[in-house]
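Here is my note on the model you sent, written as numbered points. Please keep the structure open beside the text and look up each residue as you come to it.

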Amino acid sequence: MTNPPAAPAAGHPTYREAIRAAIRDALDADDRVFLMGEDVGRYGGCFGVSLGLLEEYGPDRIRDTPLSESAFVGAGIGAALAGMRPIVEIMTVNFSLLSLDQILNNAATFSYMSGGQLSVPLVIRMTTGAGRQLAAQHSHSLEGWYAHIPGIRVLAPATVTDARRMLAPALADPDPVLIFEHGTLYNVAGSDDLDEVDIDSAAVRRDGDDVTLIGYGGTLGVALAAAETLAGQGISAEVLDLRVLRPLDEDAIVGSVRRTHRAVVVDEGWRSGSLAAEIAARITERVFYELDAPVERVCAAEVPMPYAGHLEQAALPGPDDVVAAARRAVG
């Protein structure tokens, strides 16, 4: 099961507030930046991220759009080609499939097809993941599909600092950047370290010697909880936060596995054809002879995400599943 959202701590911003602050920083820093999407204006965003921004910046820079993902993502691509710096919000990753043609066939390809004469400096934000009883059409984790596509960068901030600090380098990137925000993280509070962050590398969130737990976004908390349980059982687990799903920081993955000789990948996507499968393959390609056990994968059950709370939790990768996989790897 996933970790329940933590109550905001005094003096610490929530993940939602961190994203809002990042958007405000971007709007202040560059007149070409604007936010566009369904209900981002008067309603404040379906998850409350853009609450109050319409009153601060007006309708030219906080733009409500019709329910037409293909149309407003396409408009964002056009604006980026014309020199603007749009931030496009799509409510959930499930709905983003309606704009897949714009993302895959247009945004991701223009630079290649124009021989570098055209760039699409577009940022697309969307919610991903389950754990809130929003049923199958609002709860899937399809970021692994987007990590399949060349020509775009795919980010998955798991911490408040990354939620706050990834947007600026994403807007500075000349190519399209997709940011996946896990829905269970919005109410999580944490410190904002005020440091600049890159959008290239993974990060070790906990040191360990016996096994590497690899997570990202909403599964980072699952991996950290599992590592804590494993520590009580005498197993030292290193937790690696991928942060960037495309391009993968392969050296960080391989470096951690070289230290621990065992790996468990925690992925809320479906197991078949998953991002976890890609990571397991790369580990096998580069450090097969340094492995002391097969790479384990802990993924979501291969069913449409259930609405019923107990079934939803049963379908999701949880700390107990990760602990069991790590114990199998350690032997």
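1. A residue is called buried when its relative accessible area is under 20%, exposed when that area is over 50%, and partly exposed in between. With this in hand we can read threonine 92, which has a relative accessibility of 2% and therefore counts as buried. Threonine 92 belongs to strand β3, residues 85-92, and, once neighbours within four places in sequence are set aside, it is in contact with Met126, Thr127, Gln137 and His138. Please keep in mind throughout that this is a predicted model.

2. The domain assignment divides the protein into domain 1 (15-182) and domain 2 (203-330). The C-alpha centres of domain 1 and domain 2 are 27 Å apart, and the contact draws 31 residues from domain 1 and 25 residues from domain 2.

3. Which residues touch the most other members of the largest nonpolar core? Among its 47 residues, these are Ile124, Tyr146, Leu242, Ile279 and Ile283. Helix α12 (residues 275-287) provides the largest share of this core, namely 6 residues. Because domain 1 (15-182) and domain 2 (203-330) both give residues to this core, it lies between them. A second, separate core has 32 residues, including Tyr15, Leu27, Phe47 and Ile179.

4. Isoleucine 124 deserves a look of its own: if residues up to four places away in sequence are not counted, isoleucine 124 touches Val73, Val88, Ile90, Ile103, Val177, Leu178 and Ile179.

5. A search of the whole structure finds 5 cavities of 30 Å³ or more, and the largest cavity has a volume of about 80 Å³. The lining of the largest cavity includes Ile19, Ala22, Ile23, Arg125 and Ile179. At least two lining residues come from each of α1 (15-29), α8 (160-165) and β6 (177-182), and α1 gives the most, with 3 residues.

6. Proline 66 sits in the loop between β2 (62-64) and α3 (69-81). Is proline 66 buried or exposed? Its relative accessibility is 60%, so proline 66 counts as exposed. Leaving out residues up to four places away in sequence, proline 66 still touches Glu38 and Phe72. Although proline 66 and glycine 37 are 29 residues apart in sequence, their C-alpha atoms are 8.0 Å apart in space.

7. Aspartate 39 has a positive phi near 65° and is placed in the loop between β1 (33-37) and α2 (53-57), while glutamine 133 has a positive phi of about 55° and is found in the loop between β4 (123-128) and α7 (143-146). Aspartate 39 counts as partly exposed because its relative accessibility is 35%, and glutamine 133 is partly exposed with a relative accessible area of 35%.

8. Please also inspect the peptide bond that joins arginine 246 and proline 247, which is cis, with omega about -5°. Proline 247 lies in the loop between β10 (244-246) and α11 (250-260).

9. Finally, a word on the cysteines: the count of disulfides comes to 0. Cysteine 46 has a relative accessible area of 26%, so it is partly exposed, whereas cysteine 299, with a relative accessible area of 14%, is buried.

Definitions and conventions
Residues are numbered from 1 along each chain as its sequence is written. This is a predicted model: local features need pLDDT of at least 70, side-chain atom pairs count only at pLDDT 80 or more; totals for chains, interfaces and linings use all residues. Side-chain values use heavy atoms; hydrogens and water are left out. A nonpolar core is a set of buried Ala, Val, Leu, Ile, Met, Phe, Trp, Tyr and Cys residues joined through side-chain atoms within 4.5 Å. Buried means under 20% relative accessible area, exposed over 50%, partly exposed in between (1.4 Å probe, protein chains only). Helices (H or I, at least four residues) and strands (E, at least two) are DSSP runs, numbered from the N terminus. Domain bounds come from an automatic or database domain assignment. Contact means heavy atoms within 4.5 Å. A disulfide is a pair of cysteine sulfur atoms within 2.5 Å. On a 1 Å grid over the protein atoms alone, a cavity is a set of points where a 1.4 Å probe fits but cannot get out, and a pocket is an open set with protein on both sides within 12 Å along at least five of seven lines; lining residues have an atom within 4 Å of a point. Grid points are joined across faces, edges and corners, and a volume is the space filled by probe spheres set on the points.
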